[in-house]
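Notebook open, structure loaded. I want to go through the contacts, the core, the rings and the pocket, in that order.

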Amino acid sequence: YGVKLVGSKTITKAGKLHIIHGHEVFGSGGVNPSRGLFMKTFNSTICGHYHRTSEYINKSIRNEIMGCFTVGSLSQQRPMYAPVNQYNLGFATIDFSNDGTFSVDNKKIIDGKIY
């Protein structure tokens, strides 16, 4: 199927988007985990570690647009190790252009409906 196993704490890149699990950067949760992720990476990055849908877009002094995204999960929402949390159901699709630019569609699942 062309599937490749990616090892733990591996930083992968597709086009101009870095793809990580999220435990590679310590302490990026908080009110807006994608902003915390940006403050650690200073590059366009997506991760799922926080089990929450969030987005943070920033523009550099060179007019370069960068974005960080955290994705909801498709797992149990109240696991034993974190019975009180801000998790949400969700997933993302990403479209890439030949020049490396990308578009993230960060979906949320609420009451069985995809938004």
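I count a contact when heavy atoms lie within 4.5 Å. The model is predicted, so I ask for pLDDT of at least 70 for local features and 80 or more for side-chain atom pairs, while totals for chains, interfaces and linings use all residues. Residues are numbered from 1 along each chain as its sequence is written, and side-chain values use heavy atoms, with hydrogens and water left out.

**Entry: Ser44**

I looked up Ser44 and found it in the loop between α1 and β3 (45-47). Helices here are DSSP runs of H or I with at least four residues, strands are runs of E with at least two, and both are numbered from the N terminus. Leaving out residues up to four places away in sequence, Ser44 touches Lys16, Leu17, His18, Ile65, Met66, Gly67 and Phe102. Is Ser44 buried or exposed? Ser44 is buried, at 6% relative accessible area; buried means under 20%, exposed over 50%, and partly exposed in between (1.4 Å probe, protein chains only). A polar atom of the Ser44 side chain sits 3.0 Å from the backbone nitrogen of Gly67. For polar contacts I take N or O pairs within 3.5 Å; within protein, one atom must be able to donate a hydrogen and the other to accept it, and residues adjacent in sequence count only if both atoms are side-chain atoms.

**Entry: core**

Next I listed the largest nonpolar core and got eight residues: Ile20, Val25, Leu37, Phe38, Cys47, Tyr50, Met66 and Cys68. Such a core is a set of buried Ala, Val, Leu, Ile, Met, Phe, Trp, Tyr and Cys residues joined through side-chain atoms within 4.5 Å. At least two of the core residues come from α1 (33-41), and at least two from β5 (65-70). Another core, of five residues, lies apart from it and includes Leu17, Phe69, Val71 and Val104. On α1, I find Pro33, Ser34, Gly36, Leu37, Phe38 and Thr41 buried, and their cover includes β3, β4 and β5.

**Entry: rings**

How many aromatic pairs does the structure hold? I get three, pairing rings of Phe, Tyr and Trp (its six-membered ring) if their centres lie within 6.5 Å; planes under 30 degrees apart are stacked, over 60 edge-to-face, the rest tilted. Phe38 and Tyr56 make a tilted pair, 5.5 Å centre to centre with 45 degrees between the planes. Phe38 lies in helix α1 and Tyr56 in strand β4 (residues 54-59), so this pair ties together parts 18 residues apart in sequence. Phe69 and Phe102 are edge-to-face because their planes stand at 80 degrees, with centres 6.4 Å apart. This pair joins strand β5 to strand β7 (residues 102-110), 33 residues apart. Phe69 is buried at 5%, whereas Phe102 is partly exposed at 22%.

**Entry: Asn106**

I then checked Asn106, in strand β7, and it is buried at 10%. Polar atoms of the Asn106 side chain lie 3.4 Å from the backbone oxygen of Ser54 and 3.0 Å from that of Thr70.

**Entry: pocket**

Last, I asked which residues lie nearest the centre of the largest pocket. They are Lys16, Ser44, Ile65, Met66 and Phe102, out of 13 lining residues. β5 gives the most to the lining, with four residues. I used a 1 Å grid over the protein atoms alone: a pocket is an open set of points where a 1.4 Å probe fits, with protein on both sides within 12 Å along at least five of seven lines, and lining residues have an atom within 4 Å of a point.
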